[in-house]
Amino acid sequence: MQCWHQIEQLMATQPPPWWIRDLAAEMGENEENIRKLSYKLAQLSYVAAIVKDRYVSHHYLVNMATAVRQHTAQHQKLETAEFRDISQLGRKVAIQLLEYFDKIGFTKRKFNYRELKDQDLLQD
């Protein structure tokens, strides 16, 4: 449980997606133990794996989803570059997060942009 509180604190102070190896290094813990814990935390919906071994907090996902909803309410669609600017993430991780949103059915990719598919997902 102590490890979860450390992860929660790290993700609250540095919200962008974390690699397992970086979490483990920051916490001074064994990478495999953090991987197993993160998997369990994902099953409980405290965190989510946007790609293998890269996690974000549920709170961060809700915030990003809210930003996407606000943007699409005004512009009807969301381009990757726009999301990169909104999220302040690098291109690669922004795409990983967008693809995660596609995978869970929050957004749907069309050509080079995305539209909301189920805007009721990822709300507090």
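How many bridges join β5 to strand β6? Four bridges join β5 to β6 (residues 113–116), and the two strands run antiparallel. Helices and strands here are DSSP runs numbered from the N terminus (helices H or I, at least four residues; strands E, at least two).

This is a predicted model, where local features need pLDDT of at least 70, side-chain atom pairs count only at pLDDT 80 or more, and totals for chains, interfaces and linings use all residues. Residues are numbered from 1 along each chain as its sequence is written, and side-chain values use heavy atoms, with hydrogens and water left out.

**Helix α3**

- Helix α3 (residues 31–43) has 13 residues and reaches 19 Å from its first C-alpha to its last, close to the 18 Å expected at 1.5 Å a residue; the expected span is 1.5 Å times one less than the number of residues.
- Ile34, Ser38 and Leu41 are buried in α3 (buried means under 20% relative accessible area, exposed over 50%, partly exposed in between, with a 1.4 Å probe and protein chains only).
- Those three residues cover an arc of only 60 degrees around the axis, which puts them on the same side of α3; the arc is that of the directions from the helix axis to the C-beta atoms.
- Turned away from the buried side is a face with the exposed residues Tyr39, Lys40 and Gln43.
- The buried residues of α3 pack against α1 (2–13), α2 (20–27), β2 (47–51) and β3 (54–57), where contact means heavy atoms within 4.5 Å.
- Just after α3, Ser45 takes a positive phi of about 65 degrees.

**A closer look at Ser38**

- Ser38 counts as buried because its relative accessibility is 2%.
- Leaving out residues up to four places away in sequence, Ser38 touches Ile7, Ile20, Val47 and Tyr55.

- An open sheet of three strands has the order β4-β6-β5, with antiparallel pairing; two strands pair if DSSP finds at least two bridges between them.
- Its edge strands, β4 (78–79) and β5 (107–110), each pair on one side only.
- Helix α6 packs on the sheet, touching β4, β5 and β6, and its direction makes about 110 degrees with that of β5 (axes are lines fitted to C-alpha atoms, for helices over the stretch in contact, and angles run from 0 to 180 degrees between N-to-C directions).
- Lys108 has Glu115 of β6 as its bridge partner.
- Buried residues of α6 include Val93, Leu97 and Phe101.
- Gly105 follows α6 and has a positive phi, near 90 degrees.
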